[in-house]
There are 2 protein chains.
Amino acid sequence: MSSHQPPRPVRFGILGCASIARKLARAMLLAPGAAVAAVGSRSEEKARLFAADNGLDVATTRLHGTYEAVLDDPDVDVVYLPLPTSLHVRWATAAAARGKHLLLEKPTALCAADLDAILAACDAAGVQFMDSTMWMHHPRTAKMRELVDDKDAIGDIKVINSVFCFRANEDFLQNDIRVKPDLDALGALGDVGWYCIRAILWAVDYELPKTVIALRDPVKNQSGVLLACGATLYWADGKTATFSCSFLTNLTMDITLVGTNGTLHVTDFVIPYEEKSAEFSVASKSNFAQLHIGWDPLPSKHVVTTDLPQEALMVQELARLVQNIRDAGGKPEGKWPAITRKTQVVLDAVKTSIDKGSEPVEIAN
Amino acid sequence: MSSHQPPRPVRFGILGCASIARKLARAMLLAPGAAVAAVGSRSEEKARLFAADNGLDVATTRLHGTYEAVLDDPDVDVVYLPLPTSLHVRWATAAAARGKHLLLEKPTALCAADLDAILAACDAAGVQFMDSTMWMHHPRTAKMRELVDDKDAIGDIKVINSVFCFRANEDFLQNDIRVKPDLDALGALGDVGWYCIRAILWAVDYELPKTVIALRDPVKNQSGVLLACGATLYWADGKTATFSCSFLTNLTMDITLVGTNGTLHVTDFVIPYEEKSAEFSVASKSNFAQLHIGWDPLPSKHVVTTDLPQEALMVQELARLVQNIRDAGGKPEGKWPAITRKTQVVLDAVKTSIDKGSEPVEIAN
């Protein structure tokens, strides 16, 4: 292959037609270097409907009536796995065993031990693992990272607050997989709390907290699945983070970072208000104006534009890593599974603290 | 006096030339219905310098070389008391005993029992009490109150976060009264935490929380005065609030309210970025856009303008109440001392929890 020829696209197989898969199918169509090779569902007809509904070429996309068939499809490089969390270990390890790279929906597992089984399978097979936490790939996140890393702008972060909640309707609260103990037993903690925990870890450059204490009075449904909860996280050096997550309150997606030199606010961190442009604000070295009648300087607003939505950038990044392995003898990038594992470890600790009535839970480093 | 004649202004006596008193002197000059009658300091010369520096008429303002003289001045209707907290009981009760109405700086007392002594003295004398929490009087606060009370816009509030901190310089951390155990023993909790607690109580219409648990690892100076701390507050119906306050991190003044129907954000609640205009944002009944690629509707920004700064509006409101008592036989407005007392009771509980190593502290209702 001449070096001027474009590389073969990385071909995704979609395992299950979950509603979130529609967003990912669109991302795979938009992302340079990626393509949808196959869709698998519990019937070929469902796969066909999904493909037709989501702009996939029904003539060229392979439509499979079982999940197994996707794993056996030699045209599939990467399996995208949006199945309920309770099915992740089974299908993710099976995919890795067939040599498929893996894009795994969050929460990635019911507990860190389960995730470890998945990561071990990926490791053994030499395949790339990435969880599907889209906001990590938005250029706004990279811009915020730059400012957080700039000790002059933000300084040492001392306080982090994160909220992610949305108001689920009655149908969701009765029927969604995220309220079913046999499907997504972590409920709101796994679904929306995942993002808060990731945001907090992101802010501290993935240093694990020392102690986790769940907020009191978590809300559970009749099956014991969490509908609303939260926790406070403590680091040895005095940093403190608090998060709240819920299916019961208005859509909110906040990260607030307070550092010695600066403060960062973002209020739509998981899914930006609009696709093409996203904002955040930073107040740095803020003082009171003379007589304390105002601020000087005022906070500044940062606007970051993007041609591709964050989920397409995620697919593009994964495709780049897979291509490097598939076509150039590269190794999997260890950063992504490492971040996933830390998120899951903290999530485990929060769950344990909740189960113990908000007792402190220590995290070993 | 004809009903068309403007009422006599309410005359303030400033007890002590603290730096915050400069802002209040300006407010008294700006506020309709108010006037500065007297300034008292530990020397007449200091009082004269303060008057001259702050635009007061040195010829007509009475300049007193003792605090006592202000209390004895028959031209003073209201005493504004910005002395260190440890002196509040002595001078506030003395002022009330002389029949002076009282504008008391926050924190109003070192503990609720001390505040009760002050409030009892005001009650016995039939004088108006108000604490000097300026943001309560900004028209933005009234506008936010309207939206919070509108159950359709915000619904039932479930989560409240508040942060107030500023980065004190070395001189402050060594010499300011707010780091001295014999002057302002409550440190950051009393100075900036006061506002967070007030904001939280304001948000829930002054319903006291049931349980208060301090965040771990509060920061204290060598004298044991708090430089940074926080707490989580719990209500019987499941509402939860968290606040952080500090002298060690960049200027930040947040209230975030998350309700079943809506979310409110304000990032300069204590002192608006600018004097004449202040903002906040509300997201109400926010949904994900189709495919979860954005929000629909977007949050809306509310801008509230004001001709007078919030501290002048505070002085004006107090003058109105005092005038009603002085000239029309009215009774003191009980709302203000009641709000102050609840703030101090919660502050006490946070302090107790801190002193007990973050043990839960119950608040009796």
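B:Asp217 is found in the loop of chain B that runs between strand 8 (211–214) and strand 9 (219–220). The model is a predicted one. Phi of B:Asp217 is near 60°, which is a positive value in a residue other than glycine. B:Asp217 has 45% relative accessibility and therefore counts as partly exposed, a class that lies between the limits of 20% for buried and 50% for exposed.

B:Lys285 also has a positive phi without being glycine, with a value near 50°. Its place in chain B is the loop between strand 14 (277–284) and strand 15 (287–288). The relative accessibility of B:Lys285 is 43%, so this residue counts as partly exposed.

The table sets out these two residues.

| Residue | Phi | Relative accessibility |
|---|---|---|
| B:Asp217 | near 60° | 45% |
| B:Lys285 | near 50° | 43% |

B:Pro107 sits in the loop that links strand 5 (101–104) to helix 5 (112–125) of chain B. Another cis bond joins B:Asp296 and B:Pro297, and here omega is about -5°. The loop that holds B:Pro297 lies between strand 16 (295–296) and strand 17 (300–305) of chain B.

The remaining values concern chain A as a whole. Chain A has 10 helices and 18 strands. Its radius of gyration is 21 Å, close to the 21 Å that the globule rule gives for 365 residues, so chain A is as compact as a globular protein of that length. Along the principal axes, the C-alpha trace of chain A spans about 70 × 55 × 40 Å.

Of the 365 residues in chain A, 58% are buried, meaning that their relative accessible area is under 20%. Among contacts in chain A with a separation of 6 or more, 70% are between residues 24 or more positions apart.

As for charge, chain A carries 37 positive and 44 negative side chains. The centres of these two sets lie 1 Å apart.

Definitions and conventions: Residues are numbered from 1 along each chain as its sequence is written. Chains are lettered from A and ligands numbered from 1 in the order in which they are written. This is a predicted model: local features need pLDDT of at least 70, side-chain atom pairs count only at pLDDT 80 or more; totals for chains, interfaces and linings use all residues. Side-chain values use heavy atoms; hydrogens and water are left out. Helices (H or I, at least four residues) and strands (E, at least two) are DSSP runs, numbered from the N terminus. The radius of gyration is taken over C-alpha atoms; the globule rule is 2.2 Å times the number of residues to the power 0.38. Buried means under 20% relative accessible area, exposed over 50%, partly exposed in between (1.4 Å probe, protein chains only). Contact means heavy atoms within 4.5 Å. Lys and Arg count as positive and Asp and Glu as negative; His and the chain ends are not counted. The place of a charge is taken as NZ of Lys, CZ of Arg, CG of Asp or CD of Glu.
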